[in-house]
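Keep the structure open as you read.

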Amino acid sequence: MKTHLRCHKANHDCGESISGEVSWVLEKVPACFTLQLRWKTKGVGDEDSGVVQEIKFQGEQAEGLYEFSFDGVFEPCSFSGNLISIIWEVVLITPDSQKRRIMLPFRNRPLATEIVIGPGGSEIVCLPNEGKR
């Protein structure tokens, strides 16, 4: 039983569409898959997240390939700072991963691929001013 998620590119300019593919080899015809384009914060304080777009699709056979494309987004840009980071990801949720997540919350999480969305396809990095007060 295998499921793979791949984005065609890791870095995206603001507003550029995000595409990739999902492939699977399973024991039986899968139920509905859900792909999400989402961002999350990581760092000091409360973590936050948001689903920007979602695609649901049905597997036709036990083995298959699905090509996807999300419309481009402009914000928030990927950001890395001392206190907080904003991380974008494409996430594949399968009915099986949802069931197992309830039973084993620290294992079998949905597949996720991190991507960068920012000016020129680059993450915004905010470093401290070393030696300055």
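## Basis and fold

Helices (H or I, at least four residues) and strands (E, at least two) are DSSP runs, numbered from the N terminus. This is a predicted model: local features need pLDDT of at least 70, side-chain atom pairs count only at pLDDT 80 or more, and totals for chains, interfaces and linings use all residues. Residues are numbered from 1 along each chain as its sequence is written, and side-chain values use heavy atoms, with hydrogens and water left out.

Along the sequence, the order is β-β-β-β-β-β-β-β-α-β-β. Contact means heavy atoms within 4.5 Å. Among contacts in the protein chain with a separation of 6 or more, 66% join residues 24 or more positions apart.

## Burial and surface

Buried means under 20% relative accessible area, exposed over 50%, and partly exposed in between (1.4 Å probe, protein chains only). Of the 133 residues in the protein chain, 32% are buried. Accessible areas come from the Shrake-Rupley method with a 1.4 Å probe; for residues, only the protein chains shown count as cover. The protein chain exposes about 8,600 Å² of accessible surface, and carbon and sulfur atoms hold 50% of that.

## His12

His12 sits in strand E2 (residues 11-13). His12 has 1% relative accessibility, so it counts as buried. Beyond its neighbours within four places in sequence, His12 touches Ser17, Ile18, Ile115, Val116, Ile117, Gly118 and Gly121.

## Aromatic pairs

Rings of Phe, Tyr and Trp (its six-membered ring) pair if their centres lie within 6.5 Å; planes under 30 degrees apart count as stacked, over 60 as edge-to-face and the rest as tilted. The whole structure holds five aromatic pairs. One of them is Trp24 with Phe33: the ring centres are 4.9 Å apart and the planes meet at 45°, so this pair is tilted. Trp24 and Phe33 are both buried.

Phe33 also pairs with Phe57, and that pair is stacked, at 5.0 Å centre to centre and 25° between the planes. Phe33 lies in strand E4 (residues 32-43) and Phe57 in strand E5 (residues 49-58), so the pair links distant parts of the chain, 24 residues apart. Phe57 is buried, as is Phe33. Trp24, Phe33, Phe57 and Tyr66 make up one aromatic cluster.

## Leu83

Leu83 lies in the loop between strand E7 (79-80) and strand E8 (84-93). Its relative accessible area is 58%, so Leu83 is exposed.
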